[in-house]
Amino acid sequence: MSKQTFKIEVTDTYGGEVNYCWVRRFTVQAKSFRGAIKALAHQYGGRWRFDYSTGDMARYNQQGAAICAFVEYADNEGV
């Protein structure tokens, strides 16, 4: 399996719900959602825990913080 491009959107949460008071966007190369979040953690820090997946997107929560990340394939633009 070759590496693919993933978009990651990191934002704050309030009561476990996505808040979007601020947002940071990243692009990484990886083989899977898990690989993409590991690449983000390696570059920018943080410990991430898997929350759920819808098949074409996965949500991870940062441990010890009210922050979540959404990981999706970059080629889903306009789908």
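**Notebook: sheet and helix**

I looked up the strand order first. Five strands make an open sheet, ordered S2-S1-S5-S4-S3, with antiparallel pairing. I note that the model is predicted.

Next I checked the edges. Strand S2 (17-30) and strand S3 (48-53) are the edge strands, and each pairs on one side only.

I turned to the helix. Which strands does helix H1 touch? Helix H1 (residues 33-44) packs on the sheet and touches strand S1 (4-14), S2, S3, S4 and strand S5 (67-73). I also took its angle: the direction of H1 makes about 100° with that of S2.

Then I went through the strand pairs.

- **S1 and S2.** I found 10 bridges joining these antiparallel strands. Lysine 7 has threonine 27 in S2 as its bridge partner. The two strands form a hairpin, with two residues between them. I looked at the turn as well: glycine 15 sits there with a positive phi of about 65°.
- **S1 and S5.** Here I found seven bridges, and the strands again run antiparallel. Phenylalanine 6 is partnered by tyrosine 73 in S5.
- **S3 and S4.** Edge strand S3 pairs with strand S4 (residues 57-62) in the antiparallel sense, over five bridges.

My last entry returns to S2. It is an edge strand, S1 is joined to S2 by 10 bridges, and H1 touches S2 too.

Terms used: Residues numbered from 1 in each chain as written. Predicted model: local features only at pLDDT ≥ 70, side-chain atom pairs only at ≥ 80, totals over all residues. Heavy atoms only, no water. Pairing = 2+ DSSP bridges. Helix = DSSP H or I, 4+ residues; strand = E, 2+ residues; numbered from the N terminus. Contact = heavy atoms within 4.5 Å. Axes fitted to C-alpha atoms, helices over the stretch in contact; angles between N-to-C directions.
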